[in-house]
Amino acid sequence: MRTAVGLTPLEMTLLAFEFTMEFVMPTFSKIVRFAFLGLASTALVAAVPSVASARPNVVVVFCDDLGYGDLGCYGHPTIRTPNLDRMAAEGTRFTQFYSANPVCTPSRYSLLTGKLSIRGGMTSKKNRVLRENSKGGLPADELTIAELLKQSGYRTMCVGKWHLGVQPEHLPMRHGFDHWFGLPYSNDMPKQLMRINTDGSTVSLGSNPMFRDDEVIEHDPDQRLLTERYTDEALKFITAAADAREPFFLYLPHSMPHTPIHASRRFAGKSPRGLYGDVIEALDWSTGEILDTLRKRGLAENTLVVFTSDNGPWLIRHENGGSAGLLREGKGSTWEGGQRVPGIFWMPGTVKAGAVTTELGSTLDLLPTIAGLVGARLPDTAAADGYDLGPLLREGGKSPRKEMFFYRDDELFAVRLGAYKAHFKTQPAYFEPKATAHEPPLLYNLDVDPSEKYDVGKDHADVVAKIAALAENHRASVVPVKNQLEELIPIPAGETK
Ligand SMILES: [Ca+2]
């Protein structure tokens, strides 16, 4: 409880005691005075929830198809994002942060496991993402952030879009999450979720099902309310964990701004950017609610919050899709606009405040970074493609990440090393069935030319050779595994919308 002057009763007592010591009893022994203050301070610490010594909480806010250029703090001229701008001002903002893949399913696999999707069979030319009738999904033997933290005694929850498989063994509850509230796949897939029974027969769970834990609780939810419902669930989870004084991990993969986009009455018609702006401003509000709740509960300094996106903007949706800013192309492509996304890290007192880093980072780095933060040991086989960004976040300086591998489905299309990115193959995100091979590869200096306009390969044969060797080494490290995206369950005639 705080008084009108903002002090707790214990702080008032201490102040009164200070006054007595300074002005009423100036001859009182300083030794006795300090002893009393020491005892009183101990009592004060005990009266406030002990956050400094508790294990750090982790919140990952993961937008769907949010582009590099869609936030105020990333230069959008008309979308207002005061909460995310403040989060960036109080934390560290990356200008060269990458999602691990230009489409949903492989990107989500990589965030949770710290591995490129090729290593888990979670990418395919045949189906670029998991379907509502896919047999496969997130393999059981993968270590996810949720499993790591659950093993360390954390409460864990997924709120939002999963998109890592629809069979029971692929859902969040089997991959380290105590609870789940949300949709199993994208909001533009309002189709029959198909399940395989133990006897091999199949059953439909109906169209666009909303789950709570392992149960379908409704169908075709009102998409205007998704962001607010997810936020409500997230705040309830944080509050319950705070009440129980238990460390927690919240994974919040929003359904928005993946099309079809929708905004509630509270946000609709408010943004000069139109409906897309309304949707982003709702996501900004949502993140602000989470940060405010952490502040109010005294958890701000003990909670890492990460805000990022699963891939670049869906440009073929025109005004209903986002912006990659000055980057080339968008979702679905291995040009920078497909994978370079906003990346904001916040943990006051731990993550450097007001920092803007041009160093490289990726969603692949979240698992090792979180393991380092909470002091959990990662098995040698885990997070094969991730780095611990902890020292960079705490102190600034150089990133351990010097390279980035860009996959289109199961093929390595491009590799970045330092400032340079070589494209061995290119293909527009959509409407072009074949890739173009480049020999020698196209080479861009991304520090100088972030829009990938000027091929400088002929002037830098040494860089091209170095990147080609890195690509060869990487390819040799990939062990073939069963593909999870290719097998589909037939949907009975008449059941497909
Ligand atoms: Ca996406």
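Colleague: Which residue in strand 15 does Val 415 stand opposite?

Modeller: Val 415 faces Ala 422. Bear in mind that this is a predicted model, where local features need pLDDT of at least 70, side-chain atom pairs count only at pLDDT 80 or more, and totals for chains, interfaces and linings use all residues. Numbering starts from 1 along each chain as its sequence is written.

Colleague: How many bridges join strand 14 to strand 15?

Modeller: Four, linking residues 411-417 to residues 420-426, and the two run antiparallel. Strands here are DSSP runs of E, at least two residues, and helices are runs of H or I, at least four, numbered from the N terminus. Two strands pair if DSSP finds at least two bridges between them.

Colleague: What's the strand order in that sheet?

Modeller: 13-14-15-16, an open sheet with antiparallel pairing. Strand 13 (403-408) and strand 16 (436-445) each have a single partner strand, so one side of each lacks a neighbour in the sheet.

Colleague: New topic: is helix 4 mostly covered or exposed?

Modeller: Mostly covered: ten of its ten residues, 104-113, are buried (20 or more other C-beta atoms within 10 Å of a residue's own, with C-beta atoms placed from the backbone).

Colleague: What do they pack against?

Modeller: The buried residues of helix 4 pack against strand 1 (57-63), helix 5 (145-151), strand 9 (248-253) and helix 9 (366-374). Just after helix 4, Gly 114 has a positive phi of about 70 degrees.

Colleague: And what does pLDDT average over the protein?

Modeller: 91, with 88% of the residues scoring at least 70; pLDDT is the predictor's confidence in each residue, from 0 to 100.

Key
Buried ≥ 20, exposed ≤ 12 C-beta atoms within 10 Å, placed from the backbone. Contact = placed C-beta atoms within 7 Å.
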